[in-house]
Amino acid sequence: MENRVLKDSVILRGSVHAEQTVPVAAGGGPDGAPIVTRLPVRPGQAVKAGQLLMEVSGRPVIALQGSLPMYRDLKPGAQGNDVAQLQESLLRLGYSANGDAKGLFGPQTKVAVSKLYEALGYEALPAQQDGGITLAKAKEEVTAARRTLEDLPKEAPSVQRTRAAEDLQKAQAQLDDIESKTGPMVLAAEIVYLGGFPGRVESVNARVGAKPAETAMTLSSGRLVVNATLLPHQKGLVQPGQPVQIHSEATGATAAGTVATVSAILQAESADTDGAGSAPAAGELGYPLMVRPTTPLPASFAGQDVRLTVEAASTKKKALVVPLSAVSAGADGKTAVTVLLPGGAQQRIPVTTGSSGDGFVEVLPVGGRQVAEGQSVIVGIRGSTRSGGADG
């Protein structure tokens with residue numbers, strides 16, 4: 001017998017992926033179905049903020065940094081957290097929108113947007129197709145109203161002067177309103193946000209001259225993590241915070257990590273996982289979990305199938321344990337261990353069992369009997385063992 005902290009190891013298969021994976025959908029072209037007209041990136045390539053990912057029907061798809069997805073077109077005058085994120089991502093690239101309120105698509109944001117597109121060789125689309133004409137007409141009306149007021153003779157009646165000033169004020173208000181709503185916009189289909197950079201092109205499912213698939217490419221961002229699935233009977237053994245050993249059978253490299261999340265929802269596994277360790281078969285239900293490495297994994301781990309050994313502690317402190325094979329059940333159904341006494345005599349001592357792991361089980365004597373660390377116990381039906389070794 002010996003005192004030790006019991007640990008129950010759970011072995012799983014896992015796959016290494018970046019912490020964030022973002023599908024990129026190609027937007028529609030201005031005239032009909034979208035066609036890929038430029039594809040400057042390839043699988044495995046690093047991606048930086050402000051980079052052109054592809055061109056669809058002559059329009060760019062640009063990578064920017066942010067956590068909110070691009071869910072709507074952003075036009076001058078728009079307000080919201082997504083506008084604030086756009087301003088922050090532009091500022092990181094050196095295109096400041098200072099002067100505009102945070103989250104307001106104002107004149108300085110319009111300038112910053114124009115600079116982003118110009119840097120990539122494009123023009124941002126106008127928020128209003130006839131905005132330039134409308135704006136020019138409004139400016140002309142302001143000029144005309146101002147001249148009317150300025151050209152009034154000094155002896156003109158005050159009511160005439162008041163009305164001319166009102167006309168100028170109305171024309172200016174109309175101009176301000178038009179200016180706030182015209183100018184460059186940002187189409188939702190032309191921006192892809194990643195949580196951090198550099199990103200990585202995981203896959204490309206498009207080619208120049210062809211209509212892109214629903215997901216034209218997939219990008220990844222962030223540290224490498226390991227995704228795995230627990231079988232239902234393993235669910236109670238694995239909790240967030242438990243240490244994990246990550247082993248690459250392809251290279252022999254190992255790394256340390258911890259369980260980051262364990263889903264409470266059963267999900268169907270989409271495919272079989274080969275190799276040692278447990279994994280649900282295709283269609284079988286399991287609990288997804290994520291392992292976060294203690295230190296960043298080398299890039300060589302990306303995309304690998306790895307073995308995970310989760311160290312699931314069963315006892316919080318040292319417990320009196322014996323090998324599992326030292327515990328037997330009598331005819332009465334009660335469990336016991338057989339202790340080897342000095343001189344070779346044997347004594348059967350009733351016990352209750354507690355936590356188990358690593359081939360050992362915690363034992364608690366019943367009926368006032370005493371057992372102690374260092375005593376030898378009989379294992380199975382073949383003789384005795386002494387504590388301090390594998391036999392207990």
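Begin by selecting strands β3, β5, β6 and β7, which form an open four-stranded sheet in the order β3-β5-β6-β7, with mixed pairing. Strands here are DSSP runs of type E with at least two residues, helices are runs of type H or I with at least four, and both are numbered from the N terminus. Two strands count as paired if DSSP finds at least two bridges between them. The edges of the sheet are β3 (36–38) and β7, each of which pairs on one side only. On average, neighbouring strands of this sheet are turned by 30 degrees against each other, direction ignored. The axes behind such angles are lines fitted to C-alpha atoms, for helices over the stretch in contact, and angles run from 0 to 180 degrees between N-to-C directions.

The model is predicted: local features require a pLDDT of at least 70 and side-chain atom pairs count only at pLDDT 80 or more, whereas totals for chains, interfaces and linings use all residues. Residues are numbered from 1 along each chain as its sequence is written, and side-chain values use heavy atoms, with hydrogens and water left out.

Next, select V36 and V56. V56 in β5 is the bridge partner of V36, and β3 and β5 (residues 52–56) pair in the antiparallel sense over two bridges.

**Helix α1**

Now select residues 81–92. Helix α1 packs on the sheet, touching β6 and β7, and its direction makes about 90 degrees with that of β6. The twelve residues of α1 should span 16 Å at 1.5 Å a residue, and the end C-alpha atoms are 17 Å apart, which agrees; the expected span is 1.5 Å times one less than the number of residues. Buried residues of α1 include V83, L86 and L90, where buried means under 20% relative accessible area, exposed over 50%, and partly exposed in between (1.4 Å probe, protein chains only). The buried residues of α1 pack against β6 (59–65), α2 (107–119) and β7 (191–194). Just after the helix, G94 takes a positive phi of about 95 degrees.

**Strand β19 and V361**

Move to V361, which lies in strand β19 (residues 360–365). V361 is buried, with a relative accessible area of 6%. Opposite V361 stands V322; the two C-alpha atoms are separated by 5.7 Å, although the residues are 39 apart along the chain. Strand β15 (residues 319–323) and β19 run antiparallel, joined by three bridges. Beyond neighbours within four places in sequence, V361 is in contact (heavy atoms within 4.5 Å) with residues including L6, L320 and T353.

Then select β18 (residues 346–357), which is joined to β19 by five antiparallel bridges. T353 has V363 of β19 as its bridge partner. β18 and β19 form a hairpin with two residues between them, and D358 in the turn has a positive phi of about 55 degrees.

**Q304**

Select Q304, in the loop between β13 (285–293) and β14 (305–313). Q304 counts as buried, at 12% relative accessibility. The side chain of Q304 reaches the backbone oxygen of S300 at 2.8 Å.

**Confidence**

Finally, colour the chain by pLDDT, the predictor's confidence in each residue from 0 to 100. The protein chain averages 85, and 89% of the residues score at least 70. Confidence is highest in α1, at 98, and lowest in strand β21 (residues 384–385), at a mean of 38. Over residues 381–392 the pLDDT is below 50, and this stretch has 28 contacts in the model beyond near neighbours in sequence. Where pLDDT is low, the predicted coordinates should not be read in detail.

How values were computed: A polar contact is a pair of N or O atoms within 3.5 Å; within protein, one must be able to donate a hydrogen and the other to accept it, and residues adjacent in sequence count only if both atoms are side-chain atoms.
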